[in-house]
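Have a look at the structure first, then read on.

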Amino acid sequence: IDFGFQQVKRQEKESMVANVFHSVAAKYDLMNDVMSMGIHRIWKRFTIDCSGVRAGQKVLDLAGGTGDLTAKFSRLVGESGEVVLADINNSMLKVGRDKLRDKGIVGNVSYVQANAEALPFPDDHFDCITIAFGLRNVTDKDAALRSMFRVLKPGGRLLVLEFSKPVVAPLSKVYDAYSFHVLPKMGQLIVNDPDSYRYLAESIRMHPDQETLKGMMEQAGFEQTSYHNLTGGIVALHRGFKF
Ligand code: SAM
């Protein structure tokens, strides 16, 4: 009976996540800029700077959505490298593919519809995997981390950019008020969809904190794990290696 209940919960979460991203895909980039006041660009820039990615390498931008990181990696790896933007949601993939093609980013980028929990790539394939603001939407995060570990080359690194736990209490209160009151109103105004942004606020609150996620990465096999808090821990960048 328990297992059946878990199954229903799992399907509920998966279809809710699918609906959220189908619904917000067209205005996702605009909402990102408005909601984070443009700061997501700095968090992403920092992620790229920590990636150590060089020309000729293979990168997986998992839960890559509208492709902000993919665009930057495409320039870094050059013609001899490759970037795979993988996402479970075909609406997000389509918006990402159209945006990157409009910018002339073609040639070394491919698009794959895939679930992070069961990646359709060979073992030991990528030099670097990023998952930005994606892991909290995944139902079985441990399975996803194991899957990422499998497809990473020995010596390769995983970078997880995700909302986390603010490190100072007053910031935490302001941030909670912002997430639960301001975000749904913005969602209502801009995409006429307050529920999707209510889900996003709730998923942020439920997501494992810095130390818990670090432990989960270690459980999946990653070594030399560390994290760096950004904007007072509102966001954290976790890093781990496969040896
Ligand atoms: N990485 C992009 C960025 O930073 O702007 C997009 C982040 S967006 C908040 C989260 C993305 O995760 C969505 O595009 C969603 O479809 C994707 N996603 C959710 N669950 C997933 C899963 N199980 N496997 C792969 N992608 C998933």
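1. Let's start with the ligand: how far from an oxygen atom of the ligand does a polar side-chain atom of K44 lie? The separation is 2.9 Å. Do keep in mind that this is a predicted model, so read that distance as a computed one.

2. The side chain of Y28 puts an N or O atom 3.0 Å from an oxygen atom of the ligand. With A63, the backbone is involved instead: one of its N or O atoms sits 2.9 Å from a nitrogen atom of the ligand. As for cover, the ligand on its own would expose 600 Å², and the protein buries 97% of that.

3. Now for the shell as a whole. There are 19 residues around the ligand, and A63, D87, N115, A116 and A132 come nearest. By class, the shell splits into 11 nonpolar, 6 polar and 2 charged residues.

4. Next, the second largest pocket, with a volume of about 340 Å³. Its lining has 13 residues, and K9, E12, K13, M16 and Y199 lie nearest the centre. The elements giving two or more residues to this lining are α1 (2–24) and α8 (194–206). Which of them gives the largest share? That would be α1, with 8 residues.

5. What is the lining of the second largest pocket like by class? You get 4 nonpolar, 4 polar and 5 charged residues. If you set up a probe there, K9, E12 and K13 are among the residues nearest the centre.

6. Last, a look at the strands. β6 (residues 223–230) and β7 (residues 235–241) pair in the antiparallel sense, over 6 bridges. One of the bridge pairings joins E223 to F241 in β7. Together the two strands form a hairpin with 4 residues between them. In the turn, check T231, which has a positive phi of about 50°.

Note on methods
Residues are numbered from 1 along each chain as its sequence is written. This is a predicted model: local features need pLDDT of at least 70, side-chain atom pairs count only at pLDDT 80 or more; totals for chains, interfaces and linings use all residues. Side-chain values use heavy atoms; hydrogens and water are left out. On a 1 Å grid over the protein atoms alone, a cavity is a set of points where a 1.4 Å probe fits but cannot get out, and a pocket is an open set with protein on both sides within 12 Å along at least five of seven lines; lining residues have an atom within 4 Å of a point. Grid points are joined across faces, edges and corners, and a volume is the space filled by probe spheres set on the points. Ala, Val, Leu, Ile, Met, Phe, Trp, Tyr, Cys and Pro count as nonpolar, Asp, Glu, Lys and Arg as charged, and the others, Gly among them, as polar. A residue is near a molecule or strand if one of its heavy atoms lies within 4 Å of it. A polar contact is a pair of N or O atoms within 3.5 Å; within protein, one must be able to donate a hydrogen and the other to accept it, and residues adjacent in sequence count only if both atoms are side-chain atoms. Accessible areas come from the Shrake-Rupley method with a 1.4 Å probe; for residues, only the protein chains shown count as cover. Two strands pair if DSSP finds at least two bridges between them.
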